[in-house]
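Please read the report below alongside the sequence and the model. It takes up the strands and helices, then the ligand, and then a few backbone details.

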Amino acid sequence: MNEYDRPSISLDGQWQIIIDPLENGYYDYRYQPKADGFFMNLKPKNKSELIEYDFDKADKLIVPGDWNSQKPELLWYEGTIWYKKDFNYQRKNEKRTFLHFGAVNYEAKVYLNGEKLGDHIGGFTPFCFEITDKVKDGNNFVVVKVDNKRRADGIPTLNCDWWNYGGITRPVKIMEVSQTFIQDYCIQLKKGEERQISGYVKVAGNDIPQEVIVNIPELKFHQAFKTDQYGWAKIEFSQKMELWSPENPKLYDVQIKAGSDEVSDKIGFRTIETKGQDILLNGKSIFLRGICIHEEAPYRSGRAYTVEDARTLLGWAKELGCNYVRLAHYPHNENMIREAERMGLLVWAEVPLYWTIQWENGDVLANAKNQFYAMFQRDKNRAAVILWSLANETPLSDARLSSLTKFAKYIRTIDNTRLLTAALESHREVQNPNSIMINDPLGKYLDVLGCNEYYGWYVENPEICKNLEWKTTYDKPLIMSEFGAGALYGLHGDKLERWTEEFQKYFFEENLKMLKKIPFLRGTTPWILMDFRSARRPLGNIQDYYNRKGLISNQGQKKKAFYTMKNYYEEIKNNFK
Ligand code: GCB
């Protein structure tokens, strides 16, 4: 319903919190869920009554924000924290009211005035609950049990190379809409058509069928459409317009009206396809000059969420010469997508199907679909998003192939306008170890091959790249979706000394020479824009629990390799046809 632009009441700011590693606020001493858990926000009714918690005397955390970077004692915390916020509300008869969360990592149980609204699983996608009949006039309180414990059956699962930031990491707001309102819309170009808009508007409420008006003032386009009895209106029209591209990130104001409700959005229009080994943007072959980015806040560390964070990170990508970014390894906050689109950066987006996923467990695929769907729902009108990535470096198995092909099919049924990819692994051929092969059977179901490689970092040293030759069994474009080496900013030495800027620079020089020889290469996203926290990286005085593969340090200092990549992108920009 375009929460991003609709007026709303913010519940951001200080929330009272109770740290609850044993989940005592939820389970009794026989480990059964309690009827009067912390969500009841109880107070002693008299001086004798025993109640062993009190939100109003408790500590506080800022929402949005991860808890790890707000208090030193929470840096490593993985478990439950209860959050409570009081708010005052005046009910309005003509309105419906929703409580909306931008993201909560990982599992949220949400209660309003002691009553359960619902659960949500998945740390990087938005969700909301209707509270029209539950919210009271005057004082209300919302309690959220947030649990970021890692789980074998989770997405992501037990092991990953980024910080498990917990908390209510994105904004919380109350949305008020008309009784009959615009619940959803999709207005994008039809696949492969540069003039044909194809989409829908979905109206919800009692007053349907409804008339829906779509207005694009700059194009002098104004047309009424009728919904069916379920509230769906098909939006089809032909219109000449300027297409969105990195060179011309043209966005049109699109207004949609239905009865007394109205939403507006800034929408771009473009086509994206592949042909043989080429990626075609608006019919023209393009090389994706990219960079991988984690949702890690520049300078202060912690989860990024502000527009300023997005502008800093994406501004660095632009400075590097990018026309494209890989938002790794989970759906980033909406500011990142919106700003990328505004700045002319194409986007690869993904859900955290990363490493050792429990494919045999049917619930895992359902969870992946839910996470994807929520991301798709939020970002489907964003022309900048051209690639959905299925998974990252998931080890080959029949169960994995079967789940991921089902996942690919699912995505294609809900979105046929974008390309599918995945960050695969390559292998060295037994009979010829200098020959690197991409032949993962999943490749058959993708439009674009993605591949992560660390030749010269995890495998030998950068000199190895001279000998390697890349091959694939597919006639498809390849994006080298990761390659990188660790360096501590300011540490210098010779080019074969690990952790120095010189080693990292040498790694990039040799890798780029190798990549230039791959005829089917159509994009690169080195790993990674900026150093980021990771519990896998304990090396003292070098890593200090940061993955140091950033081209930029977490304090915004550019390492030598930044300029190596920048020169390469300058060259590609001038020469790629
Ligand atoms: C990878 C992963 C990425 C890691 C990176 C590394 O292959 O996809 O999440 O951070 O390697 O630094 O090892």
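## Parallel sheet

In this predicted model, Ile293 has Leu327 of β25 as its bridge partner. Strands β24 and β25 (residues 324-327) run parallel and are joined by two bridges; helices (H or I, at least four residues) and strands (E, at least two) are DSSP runs numbered from the N terminus, and two strands pair if DSSP finds at least two bridges between them. These strands belong to an open sheet of nine with parallel pairing, whose order is β23-β34-β33-β31-β28-β27-β26-β25-β24. Its edges are formed by β23 (288-289) and β24 (292-293), each of which pairs on one side only.

Residues are numbered from 1 along each chain as its sequence is written. Because the model is predicted, local features need pLDDT of at least 70 and side-chain atom pairs count only at pLDDT 80 or more, while totals for chains, interfaces and linings use all residues; side-chain values use heavy atoms, with hydrogens and water left out.

## Helices across the sheet

Helix α3, residues 362-379, lies across β26 (346-350) and β27 (385-392), and runs at about 170° to β27. Helix α4, residues 398-414, lies across β27 and β28 (419-424), and its angle to β27 is about 160°. Contact here means heavy atoms within 4.5 Å, and the axes are lines fitted to C-alpha atoms, for helices over the stretch in contact, with angles from 0 to 180 degrees between N-to-C directions.

## Ligand surroundings

The ligand is surrounded by 14 residues, of which Asp161, Tyr354, Glu393, Tyr458 and Lys549 are the closest; a residue counts as near if one of its heavy atoms lies within 4 Å. By class, this shell holds five nonpolar, four polar and five charged residues, where Ala, Val, Leu, Ile, Met, Phe, Trp, Tyr, Cys and Pro count as nonpolar, Asp, Glu, Lys and Arg as charged, and the others, Gly among them, as polar.

Oxygen atoms of the ligand lie 2.5 Å from a polar side-chain atom of Asp161, 2.8 Å from a polar side-chain atom of Asn547, and 2.6 Å from an N or O atom in the side chain of Lys549. Of the 320 Å² of accessible area that the ligand has on its own, the protein covers 97%, with areas taken from the Shrake-Rupley method with a 1.4 Å probe.

## Antiparallel sheet

A six-stranded open sheet with antiparallel pairing has the order β3-β2-β4-β10-β7-β8. Its edge strands are β3 (59-63) and β8 (115-121), and each pairs on one side only. Neighbouring strands of this sheet are turned by 30° against each other on average, direction ignored. Strand β2, residues 13-19, pairs with β3 in the antiparallel sense over five bridges, and Gln14 stands opposite Ile62 in β3.

## Backbone details in loops

Ser301, a residue other than glycine, has a positive phi near 60°. Ser301 lies in the loop between β24 and α1 (307-320).

Note on methods: Polar contact = N/O pair within 3.5 Å; in protein donor to acceptor, adjacent residues only side chain to side chain.
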